[in-house]
Amino acid sequence: MYPEYQKVKQFFSTAEDLLKTNCTMADIYEFATSKDHKRNKAVTVLNEKGKPVSYNYAKYKMRTTETAAKLATVLSDAKKDSVVGLKVKNSPEWLHIFWSILMNGYRPLLIDAKLPKENTENLLKQSNAVAIITNEISTYSVQTINVDNLENAKQHLLFTPTWADHLLFCSSGTTGNIKLMVYNGNNICNQIAAAISMPEETKDIMNKDEINILAFVPFHHIFGFVAVFLWYTFFGKNIVFLKDMSTSEIQKTCQNCDVTHIYSVPLFWDAIAQGFLRKVALAGQDKLELVTKMIDYNTGKITAKEAGLASTRIAAKSVQKMVLGHHVKYCISGGGGVSSETLRIINGLGYPLYNGYGMTEIGVTSVELAMDVETRLKGRIGKPFHGVEYK
């Protein structure tokens, strides 16, 4: 057992406490915005000067309440328990609007912000949605609420939360029949409870230290929703948002915001690995030799003595500055198989990259948690989480 085990295990007792409640979406929100978290950083973005700007969970809660009171005014004629589409890219606004829809007694339908209008219309029709909240200019066949207009709306003076307890994920919304996956609070609480067994294998995925997780995977996707938004909000951690998806913006955000956790799809990790190799090829023979030794050392191929300078923290920082910075402690690839070469390169750079598994229909159900690099390089998806069985 590793030295920090008891400390990490105690931290995960919060998930056990959640299972003692009514296991509703409201319960999750109350834990996330509890007094224990109010001073914790909740959201970070880069300003125009490239400097990180953050606010804590006390302000997070205040902004959510304000947004919910405004939404109560805007949706005053909509029948409670109806479906309301949420078509907004990952952003602080997404967080507050998501909770606000539930707090007003509506069921959020999570829609890809890049989905074409025709497909979106089909989703709204087949889900019987009464409204959609979006940052698009487009107007839909149901009540269309622009994010900016919602921001400028008046707050309902007598607003009181009347929580709904369901949310909907969906297929791509082509012109044919769509597939809707409906989760209730109990389902979602058990997604959080999946973390209960994690301390037995790792101290890095979640702990009491400062964690800054990059909001790269879209929240309408089960991977981004559960593994990034849900888990790390529940435990009072900081979510870092991107202005855009360009490689330069990702690197700048990771480095300037001290990003510690990055979860993404194989395509992202392939691009990072290949982009890095191209940079090294242009940097000269000395740099190439250093990187080759570093990768071999970090993947257990050679000893520290054989690696020499390449095994030192100074060398690691120098190389990681070319990629995602030196604060990254934990990475997960999900949504498909990740290649052995990408696993070798990313882990070889000193970024622990693990493989995971999930489905929109069942949630995130396993991640390889073993901390030794030899296991990580096998690309396995790990054991089923607490409360999950595989057949």
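Before we start clicking, a contact here means heavy atoms within 4.5 Å. Helices (H or I, at least four residues) and strands (E, at least two) are DSSP runs, numbered from the N terminus. Axes are lines fitted to C-alpha atoms, for helices over the stretch in contact, and angles run from 0 to 180 degrees between N-to-C directions.

What you're looking at is a predicted model, where local features need pLDDT of at least 70, side-chain atom pairs count only at pLDDT 80 or more, and totals for chains, interfaces and linings use all residues. Residues are numbered from 1 along each chain as its sequence is written, and side-chain values use heavy atoms, with hydrogens and water left out.

Start with helix H4, residues 57-74: it lies across strand S1 (41-46) and S2, at about 75° to S2.

Now bring up the sheet those strands belong to. It is open, has 8 strands in the order S2-S1-S10-S9-S11-S12-S13-S14, and its pairing is mixed. Its edges are strand S2 (52-56) and strand S14 (363-367), each pairing on one side only. On average, neighbouring strands are turned by 25° against each other, direction ignored.

Zoom in on strand S11 (residues 261-264) and strand S12 (residues 330-333), which pair in the parallel sense over 4 bridges; two strands count as paired if DSSP finds at least two bridges between them. Pick histidine 261 and you'll find its bridge partner in S12, tyrosine 330.

Next, select H10. This helix lies across S1, S2, strand S9 (212-214), strand S10 (238-240) and S11, at about 135° to S1. Glutamate 249 sits in H10, residues 247-256. Is glutamate 249 buried or exposed? Its relative accessible area is 8%, so it's buried (under 20%; exposed is over 50%, partly exposed in between, with a 1.4 Å probe and protein chains only). Not counting residues up to four places away in sequence, glutamate 249 touches Leu46, Leu242, Lys243 and Asp244.

Hop over to aspartate 296 in helix H12 (residues 285-298). With 21% relative accessibility, aspartate 296 counts as partly exposed. Leaving aside neighbours within four places in sequence, show Lys301, Ile302 and Arg344 to see what aspartate 296 contacts.

Last stop: helix H3 (residues 25-32) and helix H5 (residues 92-103), packed at about 135° with their axes 11 Å apart. To see the contact, show Met25, Ile28 and Tyr29 of H3 along with Phe98, Trp99 and Leu102 of H5.
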